There are 2 protein chains.
Amino acid sequence: MPNKSSVTGEPHFESRFGTVAILGVGLIGGSLGMALKARRLAHRVVGVGRDPARLEKAVALGAADAVTTDWPEGLGQADVVVLCTTVSHILASLPDVLAVVKPGAVVTDVGSTKSAIVRQAAGAPHFVGSHPMAGSEKGGVEAATPTLFQEATWALTPTDTTDPEALERIRMLAQEVGASTRVFTPEAHDAMVAVTSHLPHVMASAFMRHAARTRETYPDTPSLSAGSFADMTRIAASSPDIWRDVCLSNRDAVLDALSGFRADLDVLEAAVDAGDAAAIEAFFAEGAQAKRDWGSV
Amino acid sequence: MPNKSSVTGEPHFESRFGTVAILGVGLIGGSLGMALKARRLAHRVVGVGRDPARLEKAVALGAADAVTTDWPEGLGQADVVVLCTTVSHILASLPDVLAVVKPGAVVTDVGSTKSAIVRQAAGAPHFVGSHPMAGSEKGGVEAATPTLFQEATWALTPTDTTDPEALERIRMLAQEVGASTRVFTPEAHDAMVAVTSHLPHVMASAFMRHAARTRETYPDTPSLSAGSFADMTRIAASSPDIWRDVCLSNRDAVLDALSGFRADLDVLEAAVDAGDAAAIEAFFAEGAQAKRDWGSV
């Protein structure tokens, strides 16, 4: 039920997005619920999931007004439905979700890959694929925060069949919780995040595995790991099922990114093998220049 | 000249290490000078280098009591000499340094690789190879800080010919500026840091180069780079000449580290290519487990 005891009172915001149902109240879904509630953007935030204990925790942490494990009931009452589960779950459930939402309801998802999900929506005009570039190696609603989306980019991936008003609704939702929105084709989005996000996770895990093998030979290796090691391995702690899904659903772009990265490793390896000082220095200088040109992240 | 106007007065520390000469007053050398002066560990800190303007800046920033471009004079008066230039400069100058220091003076260096440098010292008993695991992608005395070595590991790499008292002197120096010391053979040190430090720098530069090429195709790529990208590329901004020297002087260990890392990329690439969900998940799960087992860095 709507909270009638508003103290600051901004009634035109009270139900800007009506009833918002969030499927999967983890880090992203929980943070979205908190942000919507903190800014009084929703008439009501309904958390939908499978695990009653997790749902109760979401309420206790202020991420939802109400919760249910009955997802047709939970999603069917909503004006905006946000799918915040894993990519594989979004792919599996999307047809059913689109079948139970009420007429005019807008559906979006926050999956890290977009082409496969948008294909699965099969041209539904009120579905808008989206992806907030925000997260943490820590998962779960315990790590959720209403400020997660501030200064983040939230990518939107409409298609030719997307209803412009549906796109506008999700764009406003993303902006109202603090994000900057950018519109891309699903394919361009997937090619870019394969490099900026998926490849880093592959690198971090591969590097951490190799470091663990080195430690088998030299047990003191952790004592010689400092800031660069910490940077390179932070995201190795991320949830394996999320990155399994990303690799499966964005297979070609991930393989392309890996191949491109390997080509740069080849350059350095050949230069070191040959003892070519100028080529080694050029390799690092070009990397440093690219970093300067990139701007702050 | 010694500072006679001590306000706190801890005379037994005033000249614990006598006159300390630092060759190369950049980030590491400058931070060491600041730490020695802040803790009153040296009778006098003498900065030695080529560029008078940089040396004057070191004095102005409190990294040295006196400076000189005449390095035989600067090093010849010292009880402890610390070589803080690049690995290639240390390799080139070490024989001359050992020839001009006064009898009984202890010489150490802070280069990132140790085998080649220790070989270059040719068994000199008062030379102790060392390596503080502290740094920054920002170079220069402007980035120096007296707290740089706090909670850092400072590796020591003595050999059979190293004088035990010389080793003890450098061990105390490292500990007095806040570091924890560990003793390794030069070869073990180099194999470990090839993985924990050198490979991360190669990865960061290779990744940044590939990201820059991706941007040529998709100019909006920077807008989709977030925390994981920032982590993976911070050290790509490091000084190219430092990493050139590391790759040249630690060639075999760097090539071994690259080869091992590539073997892990192979595992993931084959699993993604085959669409093998269980193998992909196992890859990430093993990386996450290794990260948990590593402990905090």
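The legends below describe several close-up views of a predicted model.

Residues are numbered from 1 along each chain as its sequence is written, and chains are lettered from A and ligands numbered from 1 in the order in which they are written. In this predicted model, local features need pLDDT of at least 70 and side-chain atom pairs count only at pLDDT 80 or more, whereas totals for chains, interfaces and linings use all residues.

**Figure 1. Chain A as a whole.** Chain A has 12 helices and eight strands; helices (H or I, at least four residues) and strands (E, at least two) are DSSP runs numbered from the N terminus. Its C-alpha atoms fill a box of roughly 70 × 45 × 35 Å, taken along the principal axes. Of the 297 residues of chain A, 57% count as buried. A residue is buried if 20 or more other C-beta atoms lie within 10 Å of its own, exposed if 12 or fewer, and partly exposed in between, with C-beta atoms placed from the backbone.

**Figure 2. The two chains together.** Chain A can be laid on chain B with an RMSD of 0.0 Å by a turn of 180° and a shift of 0.0 Å along the axis, which is the relation of a two-fold axis. The superposition is by least squares on the C-alpha atoms of residues with pLDDT of at least 70 in both copies. Between the chains, 83 residues of chain A are in contact with 83 residues of chain B; contact requires C-beta atoms, placed from the backbone, within 7 Å. On the side of chain A that touches chain B, the largest share, 23 residues, comes from α8(A).

**Figure 3. The nonpolar core around Ile22(A).** The largest nonpolar core has 206 residues, and those with the most contacts inside it are Ile22(A), Val81(A), Ile22(B) and Val81(B). Such a core is a set of buried Ala, Val, Leu, Ile, Met, Phe, Trp, Tyr and Cys residues joined through C-beta atoms within 7 Å. Leaving aside neighbours within four places in sequence, the contacts of Ile22(A) include Gly29(A), Leu32(A), Val45(A) and Cys84(A).

**Figure 4. Helix α7 of chain A.** The buried residues of α7(A) are Ala166(A), Leu167(A), Arg169(A), Ile170(A), Leu173(A) and Ala174(A). Seen down the axis of α7(A), these residues fall within an arc of 160°, so they line one face of the helix; the arc is that of the directions from the helix axis to the C-beta atoms. The face turned away from the buried side carries the exposed residues Pro164(A) and Glu165(A). Among the elements that cover the buried residues are β4, β5 and β8 of chain A. Just after α7(A), Gly178(A) takes a positive phi of about 110°.

**Figure 5. Phe283(B) in helix α12.** Phe283(B) is found in helix α12 (residues 277–294) of chain B. Phe283(B) is buried, because 27 other C-beta atoms lie within 10 Å. Not counting residues up to four places away in sequence, Phe283(B) touches Ser205(A), Val267(B), Leu268(B) and Ala271(B). The C-alpha atoms of Phe283(B) and Leu268(B) are separated by 6.5 Å, although these residues are 15 residues apart along the chain.

**Figure 6. Two loop residues with positive phi.** Most residues other than glycine have a negative phi. Ala122(A), which is not a glycine, has a positive phi of about 50° and lies in the loop between α6 and β6 of chain A. Glu151(B), also not a glycine, has a positive phi of about 65° and is found in the loop between β6 and β7 of chain B. Ala122(A) is exposed, with 11 other C-beta atoms within 10 Å, and Glu151(B) counts as exposed with 10 C-beta neighbours inside 10 Å.

Notes. Contact = placed C-beta atoms within 7 Å.
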